[in-house]
Amino acid sequence: KSENPLFTMVSNFSILLILVAFIQVIYSEKVQAEENENYIECEGNEHCDIECLGDDKCRAKTIQCPKLTNTCSIDCIGDSACKDSTLYCPDNADCHLKCNGKDACYNLDIHWASKSGAHDNTLICDDDESNNSCFGVKLPPINA
């Protein structure tokens, strides 16, 4: 009985995707913001997940992603979670920001990457526009 070549190709691709996801989990840093710190940063040389989970969790703080070539994901979840803060995205890598909650990222000052390698920056805002979750936030550059 011969195997369908398309099935084999899809199976091999699925295995590759699982492997890539596994490697990213192993080589990533997760930072959970604490109430008493004014400067939140990723110190490693791998993918970084910054979590500002809860009302006012990262309000009026500086958030520093890896400075060079490592992707950074920031979750600002909660009322005023990242309001009036400053976010520095990586210089030459993707930066993904999610804002969910009333005023979650209100007036967040974002320094998106300006180099050509950062081409997949994303900004995801709360679906409820009355929450002003992204009010005053600078949109990511397209193909920066």
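Start by selecting Cys 89 and Cys 95, whose link is left-handed, with -65° about the S-S bond. These two residues form a disulfide, a term used here for a pair of cysteine sulfur atoms within 2.5 Å, and in this pair the sulfur atoms lie 2.2 Å apart. Both Cys 89 and Cys 95 are buried, where buried means under 20% relative accessible area, exposed means over 50%, and partly exposed covers what lies in between, with a 1.4 Å probe and protein chains only.

Before you go on, keep in mind that this is a predicted model, in which local features need pLDDT of at least 70 and side-chain atom pairs count only at pLDDT 80 or more, while totals for chains, interfaces and linings use all residues. Residues are numbered from 1 along each chain as its sequence is written, and side-chain values use heavy atoms, with hydrogens and water left out.

Next, select Cys 52 and Cys 58, which are joined by a disulfide with 1.9 Å between the sulfur atoms. The torsion about their S-S bond is about -85°, so this disulfide is left-handed, and both Cys 52 and Cys 58 are buried.

Now move to Cys 125 and Cys 134, where a disulfide spans 2.0 Å from S to S. Because the torsion about the S-S bond of Cys 125 and Cys 134 is about -105°, the disulfide is left-handed. Which of its ends is partly exposed? Select Cys 125, which is partly exposed with a relative accessible area of 31%, whereas Cys 134, at 16% relative accessibility, counts as buried.

Finally, show every cysteine: how many disulfides does the cut-off rule give? The count comes to seven.
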